[in-house]
Amino acid sequence: MQRLVVGRPGQLGTGSIPLKCIVETKTAPGVADALDHVKVKHVTGGVSLLYFKTYEQGREKWQGETLDVVWFDEEPPQDIYMEGLTRTNATGGIAFMTFTPLLGMSNVVRRFLMEKPANTAVITMTIDDVTHFSEDQKASIIASYPEHEREARLRGIPTLGSGKIFPVLESSIKCDAFDIPRHFVQLGGIDFGWDHPTAAVCMAWDRDADVVYVTKTHRMKETTPVMHAAALRPWGEWLPWAWPHDGLQHDKGSGNTLMEIYRAQGLKMMDEMATFEDGGNGVEAGLMMMLDMMHTGRFKVFSHLEDWFEEFRLYHRKEGKIVKEYDDLICATRYAYMMRRYGTTVGGVKNVPLQYKLRRVA
């Protein structure tokens, strides 16, 4: 940061602040060539103070000052990030960070990518944004990184433990939105939640080509079934809904199950929880089937469904086990995929074999 802002040692003024604006510098004790602070002429005629601090100094060294801007270069520990952010409260200032997320889904990364508090933003730069590299140079750079670091270094996607659950290119499953043909089977999948979101997807299935499409998404936390149902009914009151085992949990007030509560709100909930044809409902089995569909080009997601792709990018294993966090839309997708045999065409026509329908017409 010192090099970028004021220049290398002995080359003061070769950074982003020109020499004529640097009033004074003070070296940091005990570190060769390191600066403690710089005084800089301000456009108003006053003088600004620019401080340099290290994470190794600890949170206490970040306390006390009232600041307009804090810039964290490389990912900070959470306590230092929160302390730096607090220093800007009195001024209404800004804190920003520039780093490659090699520490994985840390608390700091999670705050921005998943929790998304108000007045925060993420700007991602990928290797595709680097215009001064040729395609051959890009290919060489990509090959130079170990596989487990590539997504982080090239696309800003956090390093994900022992690996992504869906190790396929995002571009290979994206497709532009289109009007669903009337002969495609459709259904919804819902994953119930409260402190973690309730999530829902609409899935269309082209039975002839055996291709499934995720066409709509809904995700919201700390919201009642009444509100969720109101958001989902416009997808089609004829649309059947697949749901998981916790739909059988009883509400303490009414005594009704979650499934019954949603059915009372006008959603066409299936009679039984989501299972495969053989009656099983294993998570790993469902995910591997979805992965197989992705590998063979038979699983597609409308490209504008960014909330679905957020979960897709970050869904991973740690020490071989699935990390069950921020996977609500993925779970809803899995329930719909498992029960696609009970989907219907537009208007509620049951899923009967296409060949049978053609024979009847003939």
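The charged end of Arg340 sits over the ring of Trp205, and Lys174 does likewise with Phe309. For this label, NZ of Lys or CZ of Arg must be within 6 Å of the ring centre and within 35 degrees of the ring normal.

| Charged residue | Ring | Distance to ring centre |
|---|---|---|
| Arg340 | Trp205 | 5.1 Å |
| Lys174 | Phe309 | 5.0 Å |

Keep in mind that this is a predicted model, where local features need pLDDT of at least 70 and side-chain atom pairs count only at pLDDT 80 or more, while totals for chains, interfaces and linings use all residues. Residues are numbered from 1 along each chain as its sequence is written, and side-chain values use heavy atoms, leaving out hydrogens and water.

Now for rings meeting rings. Rings of Phe, Tyr and Trp (its six-membered ring) pair if their centres lie within 6.5 Å; planes under 30 degrees apart count as stacked, over 60 as edge-to-face and the rest as tilted. You'll find 17 aromatic pairs here. Tyr55 and Phe72 make a tilted one, with 6.5 Å between centres and 40° between planes. Trp235 and Trp241 are stacked, at 5.7 Å and 25°. Ring pairs also tie Phe166, Phe299, Trp308, Phe309, Phe312 and Tyr315 into a cluster.

What about burial? Buried means under 20% relative accessible area, exposed over 50%, partly exposed in between (1.4 Å probe, protein chains only). Trp235 and Trp241 are both buried, and Phe72 is buried too, with a relative accessible area of 0%.
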